[in-house]
Amino acid sequence: MTLQIDCQLCLRDNYVWLLRASSGAVAVVDPSQAEPVKAKLDALGWKLTHILNTHHHPDHTGGNLELKQWTGAIIVGPQADRDRIPGIDIALKDGETYDFGGEVARVFDVPGHTRGHIAFWFKDSDALFCGDTLFLMGCGRLFEGTPAQMWTSLGKLRRLPDATRVYCGHEYTQANARFAVTVDPDNADLRARAARVDAARARGERTVPATMGEERATNPFLRADDPALARAAKTRADDPVATFGVIRALKDRF
Ligand code: ZN
Ligand code: FE
């Protein structure tokens, strides 16, 4: 069985993903706001049953309580941060699976951006919902975690099949690409992809999702164990955590 997936842009650049299982169950991932999500669900004729949260930040959970009050939807989120997820009913941790209307997600703990952060991988649909851990050609800021934690978290996602579509929480792709070429200037795949992204944004198009295969080839934060990135970071080629830390710090100041 595969999911039908739709999208609602919220706030400035937040993507709320809407998922419909063939059983009719409907989930939204990281609803920043209730109103635009309700309007989108009504337009699609989809009846909300589940809310999936990757992490606690208000731009991912701000619509939780209103949507739950409206529909009685079940709220699912990270066990490690259950105290900070408004209205949470079901808390999940690394390695668990969650069956949402017959569609099974595998859960990964991916801390670093926040202390508790999970990603949902729907293997049969080749879809990964990763919140603010992995962005296209980028990754989340380390608000509550260390470079070592984030590198380990990204390592779990990097192992997924090439065809996996990466549904992240924000449209940050173009800015990420501008930084990526500064630390990985000889990467031809990256340059070609950056040009495609510029063209897509000039047409006003959304760039998300992309595939894990593209990410593995072009995302500097998935390539901290590549000698090219160690050269840019002036770190040892056998110390990817140090390389990752330097690149993340450079991006923070970019
Ligand atoms: Zn966040
Ligand atoms: Fe966010």
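How do the residues of the lining of the largest pocket divide into nonpolar, polar and charged? In this predicted model, they divide into six nonpolar, four polar and six charged residues.

The pocket itself holds about 280 Å³ of space, and its lining is made up of 16 residues, of which Phe135, Arg141, Tyr172, Arg248 and Lys251 lie nearest the centre. Two elements, helix H5 (173-183) and helix H9 (240-253), each give two or more residues to this lining, and the largest share, three residues, is that of H9.

Turning to the sheets, one open sheet has six strands in the order S1-S2-S3-S4-S5-S6, with mixed pairing. Because S1 and strand S6 (90-92) stand at its edges, each with a single partner strand, one side of each is left without a neighbour in the sheet. From one strand to the next, the twist averages 20°. Strands S1 and S2 run antiparallel, with Gln4 having Arg20 as its bridge partner in S2, and in the hairpin that they form, where three residues lie between the strands, Leu11 takes a positive phi near 50°. Strands S5 and S6, by contrast in their pairing sense, run parallel, and here Gly77 stands opposite Ala91 in S6.

Another open sheet of six strands has the order S7-S8-S9-S10-S13-S14, again with mixed pairing. Its edge strands are strand S7 (97-100) and strand S14 (210-211), each of which pairs on one side only. Within this sheet S10 and S13 pair in the parallel sense, and Phe129 stands opposite Tyr167 in S13.

| Strand pair | Sense | Bridges |
|---|---|---|
| S1 (residues 4-10) and S2 (residues 14-20) | antiparallel | seven |
| S5 (residues 74-78) and S6 | parallel | three |
| S10 (residues 127-131) and S13 (residues 165-168) | parallel | four |

Helices also pack on these sheets. Helix H4 (residues 147-158) packs on the sheet that contains S10, touching strand S8 (103-109), strand S9 (118-122) and S10, and its direction makes about 150° with that of S8. Helix H1 (residues 35-44) lies across S1, S2 and strand S3 (26-29), running at about 145° to S1. Helix H3 (residues 64-71) packs on the sheet as well, where it touches S3, strand S4 (50-52) and S5, and the direction of H3 makes about 165° with that of S4.

Notes. Residues numbered from 1 in each chain as written. Chains lettered and ligands numbered in written order. Predicted model: local features only at pLDDT ≥ 70, side-chain atom pairs only at ≥ 80, totals over all residues. Heavy atoms only, no water. 1 Å grid on protein atoms, 1.4 Å probe; cavity = no way out; pocket = protein on both sides within 12 Å on 5 of 7 lines; lining within 4 Å. Points joined across faces, edges and corners; volume = space filled by probe spheres on them. Nonpolar A, V, L, I, M, F, W, Y, C, P; charged D, E, K, R; others polar. Pairing = 2+ DSSP bridges. Contact = heavy atoms within 4.5 Å. Axes fitted to C-alpha atoms, helices over the stretch in contact; angles between N-to-C directions.
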